[in-house]
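Biologist: Could you walk me through this model? I would like to take the sequence and structure together.

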Amino acid sequence: MRITLPCFRASTLSVLSLVLVAVSLPACGSPAPGPSSSGGEIAFASNRDGNDEIYVTSLDGSSVTRLTNNTADDRSPSWSPDGKKIAFRTYRDGNWEIYTMNADGSGQTRLTNNTAEDRSAVWSPDGKRIIFSSDRDGNWEIYTMNGDGSAQTDLTNDSKSDDSPTRSPDGSRIAFETNRDGNDQIYAMNADGSGQTRLTNNSFHDRSPAWSPDGKQIAFRSDRDGNWEIYVMPAPGPQAQVQADGSAQTRLTKNSSDDRTPAWSPDGKQIVFRSKRVGNWEIYLMGADGSGEKDISNNPADDSFPDWQP
C-alpha cells in the first residue's frame with residue numbers, strides 16, 4: 001500500500017524516521033511528478049517496404065510492426081475507440097476503398113464498394129459508425145455508415161469539396177475541411193449534417209482538423225505562414241446546435257518544412273503529426289503546447305498519417 005503524506009521541514013523528519021522506509025516524502029516546495037502521457041501504440045503508413053503499408057510503433061519508436069502486406073497502397077489508419085480495430089483506406093481494388101482490420105492486422109474487411117474514391121475514415125465514439133469522405137457524387141462529401149459498411153449516407157450534400165472529417169468526443173458534432181468559400185477552411189456541423197458553421201476564415205488554407213479528447217480544442221494544419229504548420233483553436237461549445245468559435249488560433253510548430261495530419265494522444269497532453277523537416281516524411285510527437293518535438297520514426301522512407309491508439 002502506498003501512503004501519501006504532505007511535505008515536511010527538515011526538523012520534522014527525525015520524528016518520522018521509522019516510517020521513511022515505507023513512505024516517500026516530497027521535498028517542500030517541490031510538486032509531485034504529474035501523470036505520464038497515454039500509452040498505446042501509434043498506427044501510421046510507410047513505404048519503407050516498397051509501397052505504403054500500415055504499421056504500428058511504440059511511442060519511443062523502438063518497436064515497429066507491419067500490419068498490412070500487399071502490392072497496393074494502404075494509408076490513413078484510424079483506431080476504433082476501444083483500440084481493437086483499425087479503419088484504413090486501400091487501393092487494392094483499383095480505387096480507394098475503406099477497410100477495417102483487427103489491431104494485429106487480421107480480419108481485413110472491405111466496407112465500401114464502388115468505382116469512386118473513399119477515404120478519411122474515422123470512428124464514432126461508440127464504435128458503431130464510421131465517418132468518411134467520398135467523391136461518388138462528383139465531388140468530395142462527408143458520409144457516414146454503420147461499422148459493417150451498411151447505411152451509407154451523405155451528410156454535407158454540397159457542390160464543393162468536403163473532406164477530412166473528425167468527430168467530437170461526445171459524438172454530437174463533426175468538424176471537416178471544405179473549399180466552399182473559395183479556399184480550404186474548417187467547418188463544424190451536427191452529427192446529422194445540420195448546422196454547418198465556418199470556424200476558420202482567412203485567405204489561406206486550413207485543413208486536417210482533429211478534435212481533442214476533452215472536446216475543448218481542434219488541432220489543424222494551415223499554410224498561412226508560408227508552409228504547412230500545426231495550429232490549435234477552441235472547439236465549438238457543447239450546444240446541440242453548432243456555434244462558431246475559431247477564435248484564439250495558436251501556432252504550435254515553427255519551421256520551414258511542412259507539418260501535417262495532427263492527431264491527439266488519448267489524454268490530450270501530446271500531439272502526433274508528420275513532418276518533412278529532414279527531407280522525408282517522419283512521425284513526430286510534441287506536447288499539446290508545441291513543446292518537446294521528437295522524431296519517433298527516424299527512417300529514410302516516408303512515414304505518414306499517424307493515429308494514436310486509445
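Biologist: To begin, is Phe44 buried or exposed?

Modeller: Phe44 counts as buried, because its relative accessibility is 1%. Buried means under 20% relative accessible area, exposed over 50%, and partly exposed in between, with a 1.4 Å probe and protein chains only. Please note that this is a predicted model, in which local features need pLDDT of at least 70 and side-chain atom pairs count only at pLDDT 80 or more, while totals for chains, interfaces and linings use all residues. Residues are numbered from 1 along each chain as its sequence is written, and side-chain values use heavy atoms, leaving out hydrogens and water.

Biologist: How many aromatic pairs does the structure hold?

Modeller: There are seven aromatic pairs. Rings of Phe, Tyr and Trp (its six-membered ring) pair if their centres lie within 6.5 Å; planes under 30 degrees apart count as stacked, over 60 as edge-to-face and the rest as tilted. One of the pairs is Phe44 with Tyr55, which is stacked at 5.8 Å centre to centre with 25° between the planes. This pair links distant parts of the chain, with Phe44 in strand β1 (residues 42-46) and Tyr55 in strand β2 (residues 53-57), 11 residues apart. Strands are DSSP runs of E of at least two residues, numbered from the N terminus.

Biologist: And is Tyr55 buried or exposed?

Modeller: Tyr55 is buried, with a relative accessible area of 3%.

Biologist: Why is the pair of Phe132 and Tyr143 stacked?

Modeller: The ring centres of Phe132 and Tyr143 are 5.6 Å apart and the planes lie at 25°, so the pair is stacked. Phe132 belongs to strand β9 (residues 129-134) and Tyr143 to strand β10 (residues 141-146), 11 residues apart. Phe132 counts as buried at 0% relative accessibility, and Tyr143 counts as buried at 4%.

Biologist: Changing topic, which charge sits over the ring of Trp140?

Modeller: The charged end of Arg119 does, 3.7 Å from the ring centre. The criterion is NZ of Lys or CZ of Arg within 6 Å of the ring centre and within 35 degrees of the ring normal. Arg89 likewise lies over the face of Trp96, at 4.5 Å from the ring centre.

Biologist: What is the strand order in the open sheet of four strands?

Modeller: The order is β4-β5-β6-β7, with antiparallel pairing; two strands pair if DSSP finds at least two bridges between them. The edge strands, β4 (74-79) and β7 (109-110), each pair on one side only.

Biologist: Which residue in β7 is the bridge partner of Tyr99?

Modeller: That partner is Arg110.
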